[in-house]
Amino acid sequence: RALKMAAWLKGQTEVDRAALQVRNLQLVTPGDVITDHGDYMRGHGTYVEEDQLKSSLAGVVERVNKLICVHPVKSRYNGEVGDVVVGRVIEVGQKRWRVDTSSKLDSILNLSSINLPGGALRRRSAQDERMMREFFQEGDLISAEVQMVHSDGALSLHTRSMKYGKLKQGTLMTVPPMLVKRCKTHFHNMLCGASIILGNNGWIWISPQVVDEGRQVLYGGGNTDDLSGGQTDKAVTMEERETIARLHNCILALVQKRIQLFDTSIQYSYEASLKYQVKELLTTEVIDVITKAAKEKMDID
């Protein structure tokens, strides 16, 4: 077996060695040499100089077969079909709403892509078009899903599922989209009694848990009478406000340390923060402590 392994290593080609070199490279800055082997295809964020493939921006190297690209560390959100996003309505147009989702172009939510009040399944009429501002109006925050990505990069959204809709009684925070981990679900019911929507576009919504008559938690939808996303105008208690503020500061700590955001990392950092006051979570010393504790728990898992 050892002889076979030695023979295999000896038979490694220059392409294999270069592939291994590129695969181990994580972060590059403008002008860094990615590889000096000429058998690669130049992708986005790269250029060729003196027979060397170099990076034209600061980012992470990605290699797909012989194609090498560099994804920027900080950039606008590039949507994909199926992404969960949180956005703000900025204009009510003819049979559609324009929504700011922090992408390169404004996203579009068509009248035919929402649930009508009461969950009625029928064709949209002129009366529905006249009532569009009763559904969503300028300034409303909504949760939605990317239905289509157009050739120019614009996104078409839909809120047909009961978990999507208008958001109320919570707080919005924005983080770099690259820090939001892509998971099976982005609607999380935290053990502390709050609900979190982790938008793939880097917009995060934190709100108190809303439970319907069937004792089911409504993260962002369910109230089809007013399309309010299951949210009510019930006053938020001081305890709920403190929980939301603690989660907010825990997420800020994770972002500062460049730790990916998903339900487990947020829960671990929240548990580590309980021995501190909410305002103390913004200090450098406490941020180091809670993020270190969260990393250690995730490493054990």
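The entries below record what I looked up.

**Ground rules.** I am reading a predicted model, in which local features need pLDDT of at least 70 and side-chain atom pairs count only at pLDDT 80 or more, while totals for chains, interfaces and linings use all residues. Residues are numbered from 1 along each chain as its sequence is written, and side-chain values use heavy atoms, with hydrogens and water left out.

**Entry 1, the four-stranded sheet.** I began with an open sheet whose four strands come in the order β14-β17-β16-β15, with antiparallel pairing. Helices (H or I, at least four residues) and strands (E, at least two) are DSSP runs numbered from the N terminus, and two strands pair if DSSP finds at least two bridges between them. At the edges I found β14 (171-174) and β15 (187-189), each of which pairs on one side only. From one strand to the next, the twist averages 20°; for such angles, axes are lines fitted to C-alpha atoms, for helices over the stretch in contact, and the angles run from 0 to 180 degrees between N-to-C directions.

I then looked at what packs on this sheet, and found helix α5 (residues 238-256), which touches β14, β16 and β17 (203-208) and whose direction makes about 155° with that of β17. Contact here means heavy atoms within 4.5 Å. Between β15 and β16 (residues 194-198), which run antiparallel, I noted three bridges, and F187 has I197 in β16 as its bridge partner.

Which residues of the largest nonpolar core touch the most other members? They are V175, I196, I204, I206, I251 and I266, out of 27 residues in that core. A nonpolar core is a set of buried Ala, Val, Leu, Ile, Met, Phe, Trp, Tyr and Cys residues joined through side-chain atoms within 4.5 Å; buried means under 20% relative accessible area, exposed over 50%, and partly exposed in between (1.4 Å probe, protein chains only). At least two residues each come from β16, β17, α5, α6 (263-273) and α7 (284-300), and α5 gives the most, with seven.

A second, separate core has 18 residues, among them V92, W97, I114 and F135.

I searched the whole structure for disulfides, meaning pairs of cysteine sulfur atoms within 2.5 Å, and the count is zero. For C250, the nearest cysteine sulfur is that of C192, 8.8 Å away.

Four bridges pair β4 with β5 (residues 52-55), and T46 stands opposite S55.

Most residues other than glycine have a negative phi. I therefore noted E50, whose phi is near 55°, in the loop between β4 and β5; E50 is exposed because its relative accessibility is 67%. K95, in the loop between β8 (84-92) and β9 (96-100), has a positive phi of about 65° and is not a glycine either.
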